[in-house]
Amino acid sequence: MGKARVYAHLVRAQVRSQTQYRASFALDVVGSMAVFAIDIGTVFVLFSVSGSLGGFGGTEVLLIAALAGVSFALADLVVGNADRLREYVRTGLFDSLLLRPLSSLAQLLAVNFALRRIGRVVQGFLLYLVALFVADIGWDPARLLLAATAPLVGAVFFGSLFVMGATVAFWWVESGEIANGFTYGGRDFACYPSTMYGEWFRKLFALAFGFGFISYLPALALLGRSDPLGVPDWLRWCSPAAAAIAAGLAALFWRTGVRHYRSTGS
Amino acid sequence: MPRVPWALTAAGFRRYATYRQATFAGAFTNVIFGFLRCYILLAVAAEVGGAVAGYDGPKLVAFVWLGQGLLAVVSMWTMLDLAERVRSGDVVADLLRPINPLWTYLWTEFGRAGYAMLTRFVAPLVVGIVAFTFYIPQNWVTYPLFAVSIGLAVLVGFACRYLIGLTAFWLLDIRGVSMFWGFATNIGSGLAFPLAILPDWLATALWVGTPLPALLQAPIDIAVERGGVGHSLLLLAGQAAWGAGLLLVCRWVQARAVRRLVVQGG
C-alpha cells in the first residue's frame, strides 16, 4: 500500500504543477479534444462519400470508431508518456529511476503524467455511450459485460503497444517514429471496419498483430454479426486473451530493455 | 547560386543527413500509414463505383503515397527552433549576423527538404508504385511542374512556420499557436482525404482563403494531372502568390518584432 501512496503523490504533484497556468492548461485540453474530433470526423467524411464503410452502416461504423477512440484515449492518458523514455535514455536520466526502490516503468509514467489528455477520455466515453445506444444490439448479460469491459481491454492492448514502442529506445534512441506507426497507426486501423483492408494487410494487422481485437471483433460480437470474410465467431470474444498476450510481451520487452541499458557513461 | 545560400543549404542538408535512424524510422511509419490510408480510400472508391470526387483508383493511390512522401518534405508539423531561440534570447546572435535570419532559416530549410526528397519522399513512393496501380503522368510537362510545385510547397510551409515562430516575440510560448496550426493543416492540407470530398463551399474557402492546400493538395493535384496543364499552372500561380505574400508578411512582422526586442533588452 505504501508504494501506491508514493505513486499517487507523484501524480498529484504533476497535476498540481500542470494546472498552475490555467489558461495554458485549458488550451491544451481543448487542443487535444480537437484532435480527437478530427480523427473521428475523418471517418465520417469518408463515410459520407459512400454511405457505408466496408459493408457496415453508420451506427456500426460509429461503434467501431468510438470503441477504438476511447480505448486509445484511455491508454494514452495512462501510458502514453512512455515515449518520453527516449529522452531518459539519451540523457542518462534513466539512472535516477533505477536507483529508487520502485518500478522504473511505473515511475516513468507517474512522473510524466499528462492530465490534459483527460478531455479525450471523456469525449471518447460519451461517444461510446452514444454509439451503444444508437446501435442495434440485442442486449444479454454476456454483451453487457463485453460492452463494459471492451474499452479497458482495448486500453490494455494499446498501453502494451506504447510500452513496447518506447522500449525500442533502449536500442535505437532516434527511432521513436517506428512506434508511432503502430500506436497511432494502430488507432487509425482500429477506427475502420477491418473488411476495408487488402487481404495480407488485414491478416497481418487485424489478426497477427491483433489490432482487430481492439474494436472490430468486439463490435461484431455486440452487434451479433459474423465477419463477412470468415473470421470464426468465437474469436470475436477473445479480445481479453489478446490483450493479456500483448501485456505479457510488453513486460518481457521492458525487462529485456532495462537489462540491456548501459547508461551514458561518465 | 551565390556562395552564402549554397553554404546554408548544404549545411541544412548535412545536418539532417546525420540522423539516419530517424530517417529510416520516419519512412517506415509513412509506409505503414500509406498502406492504411490507401486501402481505406480504395475501399471507399469501390463502394461508390471506382472513383471518389473525380479521383479514380490509380489517382487515389498516387494521392495517398505522394502525400505520405511529401509530408516529410514539407514537414509542416515540425516547428523551427526560432521560437526556442527567441525564448532563450539566442535570437540576438542570429540578428547580429550580416544575413537576415529569415534567409538563414529559409536556405537551411531548403537543404533539409532536399535531403527529405532523396530519402523520405522516395521510400513511400517506391513502395506505393510496387504494391499498387499508381497513376503515371501522361504529359511530360507534369514532371517539371510537379518539381516546381514541391519547391513552392516547401516555401509556403516554411513561411507559415516562420510566422508562428515569430509570434514567440509576443507570446514567448508558441504551443497554442502551433496546436491550432496542427489542427488546421490536418483538415485543410489534403493529407487524410482529397479536399474535393468536402462540401464545395468549404473546399473553395480552403483553396482561396488559406495557404493550407498549397502544402500537399496542390502538388498532388498537379502530379495526378487533375484538370490539365492550365489547371496546374493556376495551382502553381496560387502557391507562388501565397509563398511571396507570406514571405513579405514574415519580413514585416520580423521588423516589428525586432523593434520590440530592443525595448525588452534596453
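Guide: Let us begin with one residue and its surroundings. Leaving aside residues up to four places away in sequence, A:Val89 touches A:Phe94, A:Ala169, A:Phe170 and A:Val173. Two residues are in contact if their C-beta atoms, placed from the backbone, lie within 7 Å. This is a predicted model, in which local features need pLDDT of at least 70 and side-chain atom pairs count only at pLDDT 80 or more, while totals for chains, interfaces and linings use all residues. Residues are numbered from 1 along each chain as its sequence is written, and chains are lettered from A and ligands numbered from 1 in the order in which they are written.

Visitor: In which helix is A:Val89 found, and is A:Val89 buried or exposed?

Guide: A residue is buried if 20 or more other C-beta atoms lie within 10 Å of its own, exposed if 12 or fewer, and partly exposed in between. A:Val89 is found in helix α4 of chain A, and A:Val89 is buried because 21 other C-beta atoms lie within 10 Å. Helices are DSSP runs of H or I with at least four residues, strands are runs of E with at least two, and both are numbered from the N terminus. A:Thr91 lies in helix α4 (residues 85–91) of chain A as well, yet A:Thr91 is exposed, with 10 other C-beta atoms within 10 Å.

Visitor: What separates the C-alpha atoms of A:Val89 and A:Ser263?

Guide: These two residues are 174 residues apart along the chain, and their C-alpha atoms are separated by 7.0 Å. For A:Thr91 and A:Ala13, 78 residues apart along the chain, the C-alpha separation is 23 Å.

Visitor: At what angle do α3(A) and α8(A) pack?

Guide: Two packed helices are described by the angle between their axes and the distance between the axes. Axes are lines fitted to C-alpha atoms, for helices over the stretch in contact, and angles run from 0 to 180 degrees between N-to-C directions. α3(A) and α8(A) pack at an angle of about 50°, with their axes 7 Å apart. That makes α3(A) oblique to α8(A); angles under 35 degrees count as roughly parallel, over 145 as roughly antiparallel, 65 to 115 as roughly perpendicular and the rest as oblique. The crossing of α3(A) and α8(A) is right-handed: a crossing is left-handed if the near helix is turned anticlockwise from the far one by less than a right angle, and right-handed if clockwise. By class, this contact has 13 nonpolar, three polar and no charged residues. Ala, Val, Leu, Ile, Met, Phe, Trp, Tyr, Cys and Pro count as nonpolar, Asp, Glu, Lys and Arg as charged, and the others, Gly among them, as polar.

Visitor: How many residues does each chain give to the contact between the chains?

Guide: The contact takes 28 residues from chain A and 26 residues from chain B. On the side of chain A that touches chain B, α2(A) gives the most, with 10 residues. The residues of that side divide into 14 nonpolar, 11 polar and three charged.

Visitor: How do α9(A) and helix α2 of chain B pack?

Guide: α9(A) and helix α2 (residues 20–47) of chain B pack at an angle of about 15°, with their axes 7 Å apart. That makes α9(A) roughly parallel to α2(B). Their crossing is right-handed. The residues of this contact divide into eight nonpolar, six polar and two charged.

Visitor: Which backbone angle deserves attention in B:Ala53?

Guide: Most residues other than glycine have a negative phi, and most peptide bonds are trans. B:Ala53 has a positive phi of about 50° although it is not a glycine. B:Ala53 is found in the loop between β1 (51–52) and β2 (55–56) of chain B, and counts as partly exposed, with 16 C-beta neighbours inside 10 Å. B:Ser75 also has a positive phi, near 50°. B:Ser75 lies in the loop between α3 and α4 (82–88) of chain B and is buried, with 21 other C-beta atoms within 10 Å.
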